[in-house]
Structure formats: structure tokens, C-alpha cells
Amino acid sequence: MQAITVRDRHAGPAGMSLTDMPHPHAAENDVIVRVHAAGFTRGELDWPATWTDRAGRDRTPSVPGHELSGVVVELGYGTTGLSVGQRVFGLADWARDGTLAEYTAVEARNLAPLPADIDHTVAAALPISGLTAWQGLFDHGHLATGQTVLIHGAAGGVGSIAVQLAREAGARVIGTGRASDRDRALALGVDTFIDLQNEKLEDAGEADVVFDVIGGDILDRSAALVRPGGTLVTIVMPPKVRPKAGHAVFFVVEPDRARLTDLAARLRDGRLKPVVGAVRPLAEAPSAFAPDKHTPGKTIIRVAED
């Protein structure tokens, strides 16, 4: 099969290449998925799990990408809950070969059934963004109806989902981003938008929950905007500056079949619309990782035609 692989930790996107790889093996409780569409996170080339297994051993050449939508073609020993020929989507393990490949091995519990009327390209934009948004807002931020949430990167892959989920929950939403993101964020439903290039973050006012996907100085300054008893939630790094009278949480998204099923239902009902910014073939995946590449929404890699 063909896959995008990385070998040199210091080469960045320039070290990615389209390679012939052995067909993956289905371990116990695994399924093999024929990947139709895949998603990725540009920063994953800096993640330790991209380069080593759970025991710290080098596992290159490794395949990046952790979101997928496709069809089950093989079941590992003991696998239950899924069947050969079933359409699925979900989240691949961090420390195993990923989804930028024609086939990949995934733990069955990390996948959810995909309804026939949802396109693979749209489904592949949902696992990391959707689960991260839900877990950040509700599992860690405990956002409730009538509260105010400040969402950084409101027009991005995670932020755009978070805005929609927060609005449906009855929260007031303040979004931040670049000047070019304003119209898109307003269309998603933010009540107020702060242009971080030309406006002061502090003008956003206080919020019950601040959801950060940017890190750095923005994360540090966000601590002062958390209301007493509120929560600063980030997926970038453990906060160095914490709210004076609130909480601070750093988390890494976790697989959740039940929540994926719920997100798919919201998508079918029209209550949730992932923002797909660009769709590119597998051979062009390396250029899509370029750090200076700013595409609104989520870039999806199309691996196979439906």
C-alpha cells in the first residue's frame, strides 16, 4: 500500500514522502480500515509519539495523521461491535502508524459507525475537532446554559466546532482570531469577535470558560479573563499563568465512540457543520503540513474515492 511516512525528526514537512509500505496487521481488538479520507494536525510532527512507541523505542518510518473515515475490511481476533464492509470514522492511536495511508490498523473502540448519508470527507474533519471541542467545553470547562465562553481560534478546525456546540448549549460566545476570520466566526454564531491582530484581547471581558487552542502569550493573558469559579482550558500546554480565583486545565483529546456517534447525529440533523477548508490528494499531504499554510477550517486528505 501507499502511505505518507516520516523518518527524520528534524526535517519537518520536507522529510515527508509518499512511500510503499507493508499492509498493516490487525492485532487483537483491531480493525483494518480502507481509508477514504484522513485528517491531521500540523503540530504532530513535533509530538514524541510520532517518533517512538509507548516504550520509547524508535518506530520510524512512521505514518502521521490520526483522523479517518473509511470502510472496515478486516477484523482482528476478538473484535466486536463492528463488521467487515461497515462505514466508520474515528481517531487512530497516537503511538501507532496513522491515517495518511491507504489502509490503517485501529482499535475498534476508537471508531464509530458512519451513516451512509455523511460524506467521508466531512466525517474525517470531525474526530479530533469534535471530540476536543466537546471535552474542552463540557467535560473540562463544565460550560452551562447562560454562561459566557471565550473561544480562541473561533474559525479554525476545533474552534468552529466549539462555537457551534456552545451556541446550541445556550452560552454567550466570544470568539477570537485573525482579521480575515471575523465574517466566518460571526456566521458560525459568535456574539462578539476580537481581532487579535488589531484589537486588545482584554476588551473581550470576563468569561466563565476560556477555551485556548493557541498557547503562548495569548494563553498567559487569558488567565486574567476567567471569572471567579471559572475555568481556563487549553490543548496546547500546561498553563504557566493560572486564574486567580478559578481553575486551569490542560488536556489531550481522548477517543469516545458514544460521543462520536452523537456528533454524527448532530451533523445529520444540520446542527453541526465542520468547516472543511481544503481537500487534497494523498501525494500532496506533505505540502499541507507547511507551517506557513493558513487555510480556514480543516484540511482533509482524500485517500480514496467514495
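This note goes through a sheet, one histidine and several salt bridges in a predicted model.

1. Residues are numbered from 1 along each chain as its sequence is written, and side-chain values use heavy atoms, with hydrogens and water left out. Because the model is predicted, local features need pLDDT of at least 70 and side-chain atom pairs count only at pLDDT 80 or more, while totals for chains, interfaces and linings use all residues.

2. An open sheet is formed by 6 strands in the order β10-β9-β8-β11-β12-β13, with parallel pairing; strands here are DSSP runs of E with at least two residues, and helices are runs of H or I with at least four, both numbered from the N terminus, and two strands pair if DSSP finds at least two bridges between them. The edges are held by β10 and β13 (247-250), each of which has a single partner strand, so one side of each is left without a neighbour in the sheet.

3. Strand β9 (residues 172-177) and strand β10 (residues 192-195) run parallel and are joined by 4 bridges. Within this pairing, Ile174 has Thr192 as its bridge partner in β10, and Gly177 has Asp195.

4. His66 sits in the loop between β3 (30-39) and β4 (67-75). Is this residue buried or exposed? His66 is buried, with a relative accessible area of 1%, where buried means under 20%, exposed over 50% and partly exposed in between, using a 1.4 Å probe and protein chains only. A polar atom of the His66 side chain lies 3.2 Å from the backbone oxygen of Asp93.

5. By the rule that a salt bridge is a side-chain nitrogen of Lys or Arg within 4 Å of a carboxyl oxygen of Asp or Glu, the count comes to 19 salt bridges. One of them joins Lys298 and Glu67, whose closest N and O atoms are 2.7 Å apart. Since Lys298 lies in strand β15 (residues 298-302) and Glu67 in strand β4, the pair ties together parts that are 231 residues apart in sequence. Both Lys298 and Glu67 are buried.

6. Another salt bridge brings together the side chains of Glu168 and Arg271 (3.0 Å, N to O). Glu168 lies in helix α3 and Arg271 in the loop between α6 (257-269) and β14 (276-281), so this pair ties together parts that are 103 residues apart in sequence. Salt bridges that share partners join Glu168, Arg259, Asp262, Arg266, Asp269 and Arg271 into one network. Glu168 is partly exposed, with a relative accessible area of 36%, and Arg271 is partly exposed, also with 36%.

Technical notes: A polar contact is a pair of N or O atoms within 3.5 Å; within protein, one must be able to donate a hydrogen and the other to accept it, and residues adjacent in sequence count only if both atoms are side-chain atoms.
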